[in-house]
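User: Hey, I've got a model open and want to get my bearings in the fold. Can you walk me through it?
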Amino acid sequence: MASRREFIRRSFALSALAAPMVWAKSRKEAAAQTELAPPPDLFDAQALDLDFWLKPRTLSLVRPQTGERTRVLYWKDGEVIDSAYQELCHVLRDVNGKRAAPIDPKLFETLWGTQAFIERYGISQPLEILSGYRTEESNNRLREQGIPAARQSLHLQGKAADIRVPRLSAEVLGGLIRSFRTGGVGFYYRSGPSGGWIHTDTGLQRTWKG
Ligand SMILES: [Zn+2]
């Protein structure tokens with residue numbers, strides 16, 4: 001709790017940053033473009049105030065692999081709503097291994113914070129979950145296929161997700177998530193329409209490019 005209080009205190013100090021004002025101008029300029037790519041330094045979660053973290057939390061997620069969509073209020077008045085938590089764990093299940101597992105609630109906090117933050121900038125889209133929990137078999141299969149997957153991946157513990165937001169570059173999305181300072185952030189840049197993805201986890205704070 002001490003670190004959370006410290007975090008909030010720091011957030012107050014930084015809340016005077018007028019990021020939305022600055023971004024308002026460039027958003028108009030960006031509107032004509034297909035890629036929403038504000039300068040990453042404008043996406044700084046440290047500018048958030050206490051009110052932000054006290055709001056009820058609704059997450060909108062989509063699993064492109066299965067076509068599932070969910071929009072669920074999962075946290076309110078400081079408490080996780082169990083039925084909604086179970087639903088989110090189901091969405092983040094291993095769709096290849098057909099197994100669900102408990103997901104670290106801190107991961108949902110990062111996902112919600114990310115979604116709620118970018119909504120302030122008029123980007124209102126479900127987060128695409130490319131991968132959530134993975135069984136060891138599924139993780140090994142990815143490795144055999146040459147897809148990035150660490151042997152001791154935090155996906156195996158329900159502490160990681162690979163995500164994407166359509167039209168938002170991996171650099172901007174990852175920069176925002178890194179600014180939450182809640183764990184590891186992997187940047188996976190890819191050319192083509194997918195534009196890459198971001199790995200986010202609740203492990204040690206670290207950043208890498210894959
Ligand atoms: Zn990952």
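Predicted model: local features only at pLDDT ≥ 70, side-chain atom pairs only at ≥ 80, totals over all residues.

User: OK, what does helix 4 lie across?
Analyst: Helix 4, residues 82–91, lies across strand 1, strand 2, strand 3 and strand 4 (127–131). Its direction is at about 145 degrees to strand 2.

User: And which strands does helix 5 touch?
Analyst: Helix 5 packs on the sheet and touches strand 1, strand 2, strand 3, strand 4, strand 5 (160–164) and strand 7 (197–201). It makes about 90 degrees with strand 1.

User: What's the strand order in that sheet?
Analyst: It's an open sheet of eight strands, ordered 3-2-1-4-5-7-6-8, with mixed pairing. Strand 3 and strand 8 (206–209) each have a single partner strand, so one side of each is left without a neighbour in the sheet.

User: How does strand 8 pair with strand 6, parallel or antiparallel?
Analyst: Parallel, with four bridges joining strand 8 to strand 6 (residues 184–188). G186 has W208 as its bridge partner there.

User: Switching to the hairpin of strand 1 and strand 2, which residue takes a positive phi?
Analyst: G67, near 80 degrees, in a hairpin with four residues between the strands. Strand 1 (57–63) and strand 2 (68–76) are antiparallel over seven bridges, and L61 is partnered with T70.

User: Now the largest nonpolar core: which residues touch the most other members?
Analyst: F108 and L173, out of 36 residues in that core. Helix 5 (residues 105–119) gives the largest share, six residues.

User: What does F108 touch, leaving out residues up to four places away in sequence?
Analyst: L59, Y74, L88 and I103.

Terms used
Residues numbered from 1 in each chain as written. Pairing = 2+ DSSP bridges. Helix = DSSP H or I, 4+ residues; strand = E, 2+ residues; numbered from the N terminus. Core = buried A, V, L, I, M, F, W, Y, C linked by C-beta atoms within 7 Å. Buried ≥ 20, exposed ≤ 12 C-beta atoms within 10 Å, placed from the backbone. Contact = placed C-beta atoms within 7 Å. Axes fitted to C-alpha atoms, helices over the stretch in contact; angles between N-to-C directions.
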